[in-house]
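Here are my notes on this model. Please read them with the structure open.

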Amino acid sequence: MTDAAFYEQGDPNLLGGRPHEGPASKRIVTGYGFWIFLLSDIVMFSCFFATYAVLLERTAGGPSGAELFDLRSVAAETAFLLLSSFTCGLAMIAADVRNLRWYQISMAVTCLLGLGFLALEFREFADLVGRGAGPTRSAFLSAFFTLVGCHGMHVSAGILWLLTMMAQVFAKGFRADIMRRLLCFALFWHALDIIWVAIFSVVYLLGSAA
């Protein structure tokens, strides 16, 4: 049997009766590799959550979460971050259809919402320190500042990444390599939203009810 006849007949070990044409595309490989990075980041945050849970009652006679947390401010932070995830999605849709104007607008709004989130978080931290509830006050507050502060650092890094992607698209357009970087950025930004929902639920909601 000739090779041509063999492939026409089909081999169950081959996709669609055709030989495998090589490795997956760079977009798939890049996305898969970045998911591995995100999972390692989630493992790190899981350790911070576990530490916070263990030290929750270790207030050393100081204030607890129920005495410190302002849920109205935290709700505003949550709204900003969730809305930024929506506008990030709009930016990715605009990038897929190669619409530069709406891409830049959506990314700019995402940036402003992220900055609003950071401003509220910084105000919260400054208020806590001003009230004598800084990270050195108790083990509970050390765990709180580490967990929430680490997430804030990730958001700060994400905003720098966002600005870089806006500049790259403006200068070079929607090239294949830039689209792969945009995919990674979107995964990163949405992952930050998921982690924040966990922080909002476990740290703030449950902490205020305790």
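What pattern does the protein chain follow, read along the sequence?

1. The pattern is α-α-α-α-α-α-α. The protein chain has seven helices and zero strands. Helices (H or I, at least four residues) and strands (E, at least two) are DSSP runs, numbered from the N terminus.

2. This is a predicted model, in which local features need pLDDT of at least 70, side-chain atom pairs count only at pLDDT 80 or more, and totals for chains, interfaces and linings use all residues. Residues are numbered from 1 along each chain as its sequence is written, and side-chain values use heavy atoms, with hydrogens and water left out.

3. Of the 210 residues in the protein chain, 42% are buried (under 20% relative accessible area, 1.4 Å probe, protein chains only).

4. The largest nonpolar core has 55 residues. Such a core is a set of buried Ala, Val, Leu, Ile, Met, Phe, Trp, Tyr and Cys residues joined through side-chain atoms within 4.5 Å. Among the members that touch the most others are Y103, M107 and W196. Two or more residues come from each of α2, α4, α5, α6 and α7. α7 gives the most, with 18.

5. M107 touches A91, L162, M165, M166, L182 and F185, leaving aside residues up to four places away in sequence. Contact means heavy atoms within 4.5 Å.

6. H154 lies in α6 (residues 139–172). H154 counts as buried because its relative accessibility is 14%. With residues up to four places away not counted, H154 touches D41, M44, F45, F188 and L192.

7. α7 bends by about 25° at F200. That bend is the angle between axes fitted to the seven residues ending there and the seven starting there.

Note on methods. Buried means under 20% relative accessible area, exposed over 50%, partly exposed in between (1.4 Å probe, protein chains only).
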